[in-house]
Amino acid sequence: MGDDIRQIIQACKKPEKAQAVIEWLAERCRSDGIPFEDYRWKSLVNHVCAMIDRSLTGEILDIDPELFRDVSADSIMLSKNIVDVVGGIAEEEKYLLSIHFEGVKESI
């Protein structure tokens, strides 16, 4: 894990939770064969940390699921798993998170 990723995690309101979720996610991506480039991984880590922070503050994003109708079911499902692991955030966050996985699929 690079210094930039460590800094993002340490800036999170619950760095130990962020570390655990990121490690789980990294293993999941390896086992699912999802190859993140460094800049995409950094963006995803940043997003996950923001989700963890929102789980603590109670902030809810206004997300229209209809905007994500073309996102694959696989990306939505993986994102739902992450939302479940983070806990305490709106399930609709899975849609916004799914864009990270769709970006990787499009670049392969």
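## Surface and overall form

The protein exposes about 6200 Å², of which carbon and sulfur atoms supply 49%. These values come from a predicted model, and within it buried residues make up 42% of the 108 residues.

The secondary structure comes to 5 helices and 0 strands, arranged along the sequence in the pattern α-α-α-α-α. The radius of gyration is 13 Å, close to the 13 Å that the globule rule gives for 108 residues, so the protein is as compact as a globular protein of that length. Taken along the principal axes, the C-alpha atoms fill a box of roughly 35 × 30 × 20 Å. Among the contacts with a separation of 6 or more, 72% are accounted for by residues 24 or more positions apart.

## Packing of α3 against α5

Helix α3, spanning residues 38-57, packs with helix α5, spanning residues 93-107, at an angle of about 170 degrees, and their axes lie 11 Å apart. Because angles over 145 degrees count as roughly antiparallel, the two helices are assigned to that class.

On the α3 side the contact is made by R40, S43, L44, H47, M51 and R54, which meet E93, L96, L97, H100, F101, G103, V104 and S107 in α5. By class, this contact of α3 with α5 has 6 nonpolar, 5 polar and 3 charged residues.

## S98 within α5

Helix α5 also holds S98, a residue that counts as buried because its relative accessibility is 0%, where the cut-off for burial is under 20%. Leaving aside residues up to four places away in sequence, S98 touches F68, V71, S75, I76 and S79.

Terms used. Residues are numbered from 1 along each chain as its sequence is written. This is a predicted model: local features need pLDDT of at least 70, side-chain atom pairs count only at pLDDT 80 or more; totals for chains, interfaces and linings use all residues. Side-chain values use heavy atoms; hydrogens and water are left out. Axes are lines fitted to C-alpha atoms, for helices over the stretch in contact, and angles run from 0 to 180 degrees between N-to-C directions. Helices (H or I, at least four residues) and strands (E, at least two) are DSSP runs, numbered from the N terminus. Angles under 35 degrees count as roughly parallel, over 145 as roughly antiparallel, 65 to 115 as roughly perpendicular and the rest as oblique. Contact means heavy atoms within 4.5 Å. Ala, Val, Leu, Ile, Met, Phe, Trp, Tyr, Cys and Pro count as nonpolar, Asp, Glu, Lys and Arg as charged, and the others, Gly among them, as polar. Buried means under 20% relative accessible area, exposed over 50%, partly exposed in between (1.4 Å probe, protein chains only). The radius of gyration is taken over C-alpha atoms; the globule rule is 2.2 Å times the number of residues to the power 0.38. Accessible areas come from the Shrake-Rupley method with a 1.4 Å probe; for residues, only the protein chains shown count as cover.
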